[in-house]
Amino acid sequence: RRVLFRSKELPKDIELHFYGTGSMEETLKGMKHPDVFFHGAYFRSQQTEVLGACHAAIVTLQDGMYGLGVPSKSYNIMAAGRPIIYFGPEEGEIARMIKEYGIGYIGWPEKWDKKDLETMGRKVRSLAETKYSKENILNKFVNVIQNMTSKEAKIVDMNHDSQSLGRLSGGGYLLFTGGSGFLGNNIRPLLEKEYDVVHTIGLTD
């Protein structure tokens, strides 16, 4: 995190605002950078206001985490129409998006230009509305399922009994573990248009 506070890389006309809390908070505060401010925790309902107040938002991914996770905050930032300044492994998805679509910077930019940030903001918002829209993402999941099975298949849950397991081995069923979260609640209605969905269950149920 110390790279964020190098005075030579944080111009005088740039302010860095931290929202939220974490294990590094007191350490970062102890650095006492004059252009870095801490605002503490905020409610989920305030997220749009918080992201809308910035010109660009920082996303970090720790070394060694490539392939294990993608910072989900990136998609909230995109929905807010703000460019991403990314610090992390360059082979990751966020870095690839920035390079491919021109929606931010990997590391601090060489120069800060408000018009460039505004242009990137329009690009990133457009990307959020198209490639990463809820409808588009859900349809991709449904297409994967459709490619794996026929319309005669029947979707069952993880909580089936031994008799259900026997039917699974017979080849007429598809095991779907969407659960009661985002995927379970949103994909199930789409699947029900073509399949007999018995139940969906996830690890949190």
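1. Residues 200–205 keep a pLDDT under 50 in this predicted model. The model still gives this stretch 18 contacts beyond four places in sequence. Where pLDDT is low, the predicted coordinates should not be read in detail.

2. The chain as a whole averages a pLDDT of 74. Of its residues, 62% score at least 70. Confidence is lowest in helix H7, residues 162–170, with a mean of 39. Strand E5, residues 104–106, has the highest confidence, at 94. Below 50 lies the pLDDT of residues 151–173. That stretch has 42 contacts in the model beyond near neighbours in sequence.

3. On overall make-up: the chain has 8 helices and 8 strands. It runs to 205 residues, and 34% of them count as buried. Take the contacts between residues at least 6 apart in sequence: 50% of these join residues at least 24 apart. The accessible surface comes to about 13100 Å². Carbon and sulfur atoms account for 50% of that surface.

4. Helix H5 covers residues 114–129, which is 16 residues. From first C-alpha to last, H5 reaches 23 Å. That is close to the 22 Å expected at 1.5 Å a residue.

5. Which residues of H5 are buried? They are Leu117, Met120, Gly121, Val124, Leu127 and Ala128. These residues span an arc of only 130° around the axis, so they sit on the same side of H5. The face turned away from that buried side carries Lys115 and Arg122, both exposed. What do the buried residues of H5 pack against? Their partners are helix H3 (73–79), helix H4 (93–101) and E5.

6. After H4 comes Gly102, with a positive phi near 65°.

7. Now the aromatic rings. The count comes to 4 aromatic pairs. One of them is Phe18 with Phe38, a stacked pair. Its ring centres are 5.3 Å apart, with 10° between the planes. The pair links distant parts of the chain: Phe18 is in strand E1 (residues 16–18) and Phe38 in strand E2 (residues 36–38), 20 residues apart. How accessible is Phe18? Its relative accessibility is 21%, so Phe18 counts as partly exposed. Phe38 has a relative accessible area of 28%, and is therefore partly exposed.

8. Trp108 and Trp112 also pair. Their ring centres lie 5.7 Å apart and their planes meet at 50°, so this pair is tilted. Is Trp108 buried or exposed? With a relative accessible area of 15%, Trp108 is buried. Trp112 has a relative accessible area of 27%, so Trp112 is partly exposed.

Key
Residues are numbered from 1 along each chain as its sequence is written. This is a predicted model: local features need pLDDT of at least 70, side-chain atom pairs count only at pLDDT 80 or more; totals for chains, interfaces and linings use all residues. Side-chain values use heavy atoms; hydrogens and water are left out. Rings of Phe, Tyr and Trp (its six-membered ring) pair if their centres lie within 6.5 Å; planes under 30 degrees apart count as stacked, over 60 as edge-to-face and the rest as tilted. Helices (H or I, at least four residues) and strands (E, at least two) are DSSP runs, numbered from the N terminus. Buried means under 20% relative accessible area, exposed over 50%, partly exposed in between (1.4 Å probe, protein chains only). pLDDT is the predictor's confidence in each residue, from 0 to 100. Contact means heavy atoms within 4.5 Å. Accessible areas come from the Shrake-Rupley method with a 1.4 Å probe; for residues, only the protein chains shown count as cover. The expected span of a helix is 1.5 Å times one less than its number of residues. The arc is that of the directions from the helix axis to the C-beta atoms.
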